[in-house]
Amino acid sequence: MSKAVINRMSRSAPDFDARLDALLAWDSVSDAGVVSTVAGVLGDIREHGDSALLDYTRRFDNVEAASVAELEFSQQQLHAALQRIDAQQRQALERAAERIRLYHEHQRQESWQYQEADGTVLGQQVRPMDRVGLYVPGGKATYPSSVLMNAIPAKVAGVAELVAVSPTPSGQVNDMVLAAAAIAGVDRLFAIGGAQAIAALAYGTETIPKVDKIVGPGNIYVATAKRQVFGSVGLDMIAGPSEILVVCDGKTDPDWIAMDLFSQAEHDEDAQSLLISPSTEYLDQVAASIDRLLPTMEREDMIRRSLSERGALIAVADMSEAIELVNRIAPEHLELSVDEPEQYLPQIRHAGAIFLGRHTPEALGDYCAGPNHVLPTSGTARFSSPLGVYDFQKRSSVINCSPAGAAVLAETASVLARGESLTAHARSAEYRLRDGGGDE
């Protein structure tokens, strides 16, 4: 092969910083054409509701329906799909669902209060959202695992109604997606997709109820629509291409690591697979594994393009340099394929999910380990977290002042309010200084 499948880089090279920045750069902003198209779709759905939704479903998905109600799957249909799928598939879905549910039950936050000496009570009331929308990609690429990862935390949080949407181009229905919806407790599922589905969830139509938050991945039109409806509804995140960063000390079977890199590269051409190691000899071994194993992959062309355009094998002086780069990159998925990986955990500041040891490939986290696979990408792990139960709960502050507590707080509030020239605030507080709290 005249050109190496994957780039080679060295931390000691004078141009390393510039090359790494270029490799990591990802512009997730849609072009003007996509933005304009999506804005038109959102406006149509907002103004015309079901009729516009039916029109876009006919045009984009080649699905004819007399009403949006015809596009809704019944609970009977969901459970019938659960019965139809292969027994091994059902067992895998149910086992994964149980592990995901168990993990997320640990995240549930509860309301709390405490009482001060003067009787004032302060606290926080935690409540689930009323209704959440879930976007599930459909067609040739279907993701029942995404149904589980998005729906189960919502249900653990106590969300009363979960409304899912998933396109069925030319009427193609995936039983695994329907079965996953049944297992995860999805309340309503509609065969719609694209920007029009996001608009229906955000604004509501005659048939689709307006939701409080929208979660779930999608293509550039879906992502752009999510950006544009933010404010009308909450969002999980605007995700970029999938990423993996592997740090290896040179002792893991190079075939294992090559396949771990492939596992992200096969998502799409823009996915990013990086390997960092203090051993240049080991990087050579992984490169050889890549060359040998790549022709055996079903998505060889996609993996090759991803690795050549956005992948890299990076040589560092030692593990200290490796950890420094980890925190700079802030990867979606981080594998620490090293001896005693726990020793490095306190040093990791930025990563979506951290996979410790040689026997913990990222693929296990995608499906069934338990933690959520909806993770921050494109360096946003610096300030974002994995999707979790907390994303479906909201918090209200609770303040109950006793007469004595109000009098004390009123003095402070009065001074601060008058310092801001907000005299109504000040006088409102000062009324509570009177004996009897205003019952004079």
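Student: Strands here are DSSP runs of E, at least two residues each, numbered from the N terminus. With that set, which element gives the largest share of the lining of the largest cavity?

Tutor: β10, with three residues. Keep in mind that this is a predicted model.

Student: Which residues line the largest cavity?

Tutor: L24, E243, I244, L245, Q272, L274, I329 and P331. Two elements, β10 (243-248) and β11 (272-277), each give two or more residues to that lining.

Student: What's the lining like by class?

Tutor: Six nonpolar residues, one polar and one charged.

Student: And the volume of the largest cavity?

Tutor: About 30 Å³. Searching the whole structure turns up one cavity of 30 Å³ or more.

Student: Switching to the largest nonpolar core. Which residues touch the most other members?

Tutor: L148 and I214, in a core of 75 residues.

Student: What is L148 in contact with, leaving aside neighbours within four places in sequence?

Tutor: L93, A96, A97, I100, P153, A180, I183 and A184.

Student: OK, helix α3. How far apart are its end C-alpha atoms?

Tutor: 15 Å. Helix α3 has twelve residues, 50-61, so at 1.5 Å a residue it should span 16 Å, and the two values agree.

Student: Which residues of α3 are buried?

Tutor: D50, A52, L53, L54, Y56, T57 and D61.

Student: What covers them?

Tutor: Among the elements covering those buried residues are α2 (32-48) and α8 (194-203).

Technical notes
Residues are numbered from 1 along each chain as its sequence is written. This is a predicted model: local features need pLDDT of at least 70, side-chain atom pairs count only at pLDDT 80 or more; totals for chains, interfaces and linings use all residues. Side-chain values use heavy atoms; hydrogens and water are left out. A nonpolar core is a set of buried Ala, Val, Leu, Ile, Met, Phe, Trp, Tyr and Cys residues joined through side-chain atoms within 4.5 Å. Buried means under 20% relative accessible area, exposed over 50%, partly exposed in between (1.4 Å probe, protein chains only). Contact means heavy atoms within 4.5 Å. Helices (H or I, at least four residues) and strands (E, at least two) are DSSP runs, numbered from the N terminus. The expected span of a helix is 1.5 Å times one less than its number of residues. On a 1 Å grid over the protein atoms alone, a cavity is a set of points where a 1.4 Å probe fits but cannot get out, and a pocket is an open set with protein on both sides within 12 Å along at least five of seven lines; lining residues have an atom within 4 Å of a point. Grid points are joined across faces, edges and corners, and a volume is the space filled by probe spheres set on the points. Ala, Val, Leu, Ile, Met, Phe, Trp, Tyr, Cys and Pro count as nonpolar, Asp, Glu, Lys and Arg as charged, and the others, Gly among them, as polar.
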